[in-house]
Amino acid sequence: MTTQSNYELQLECTAFLNHEAELLDDGRLHDWLELLTDDVQYRVPRRVTRERGAEQSEFSDDAFLYREDYGMLSTRVERFDNEYAWAENPPSRTRRFVSNVRAEERPNDDDDDVELKSNLLLYRSQGDTTDHDLISGERQDRLRRVEGELRLSERTVYLDQTIVATRNLSFFL
């Protein structure tokens, strides 16, 4: 891959992530679902504190804050359309800051996949209070070209926090 094509890929992936953040921050969740592939895997493994020098990963292989596929994600989005989404009443106000985007093309026999890493800082407030949540982490994504457009086919979010001190996890990272 040439430097120019890598630069163009970087710009395209950054534009994708910025558009995704805008859709989520604006509450356009049905539009966000259109950015996903039908076989998407969306995971947030639980972080585990380990002693220095431990050979095990800091992230659990068995415990997840989120471990969802397209069906589960679309069910969550549809739930926000009715009055039973009590965790989002009043609705959250969010702002996603996406940075340090690193893209690498990984073509295989079937797809033009892109492996993508980015850092995320999520600000969230709700209601008339000074309380807010700040959540940060690294996202490792796989994007796939579908009919010429990038789509999210896999996301794993590695949160910096061991304990997420938010009232609920009704938002998407």
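Biologist: Which side chain does Arg 96 meet in a salt bridge?
Modeller: Asp 25, at 2.5 Å from N to O. A salt bridge here is a side-chain nitrogen of Lys or Arg within 4 Å of a carboxyl oxygen of Asp or Glu. The pair links distant parts of the chain, with Arg 96 in strand β3 and Asp 25 in helix α1, 71 residues apart. Helices (H or I, at least four residues) and strands (E, at least two) are DSSP runs, numbered from the N terminus.

Biologist: Before we go on, what am I looking at?
Modeller: A predicted model, where local features need pLDDT of at least 70, side-chain atom pairs count only at pLDDT 80 or more, and totals for chains, interfaces and linings use all residues. Residues are numbered from 1 along each chain as its sequence is written, and side-chain values use heavy atoms, with hydrogens and water left out.

Biologist: Are Arg 96 and Asp 25 buried or exposed?
Modeller: Both are buried. Buried means under 20% relative accessible area, exposed over 50%, partly exposed in between (1.4 Å probe, protein chains only).

Biologist: What does Arg 155 pair with?
Modeller: Glu 20, in a salt bridge of 2.7 Å, N to O. Arg 155 sits in strand β6 (residues 149–159) and Glu 20 in helix α1 (residues 3–25), so the pair ties together parts 135 residues apart in sequence. Arg 155 is buried because its relative accessible area is 0%. Glu 20, at 1%, is buried too.

Biologist: And what's the partner of Arg 76?
Modeller: Glu 68, with the closest N and O atoms 2.8 Å apart. Arg 76 and Glu 68 are both buried. Elsewhere, salt bridges that share partners join Asp 39, Asp 113, Glu 115, Arg 142 and Arg 144 into one network.

Biologist: How many salt bridges in total?
Modeller: The count comes to 16.

Biologist: One last spot. Where's Ser 57?
Modeller: In the loop between β1 (36–47) and β2 (59–69). Ser 57 counts as partly exposed because its relative accessibility is 42%. Its C-alpha is 8.9 Å from that of Arg 47, ten residues apart along the chain.
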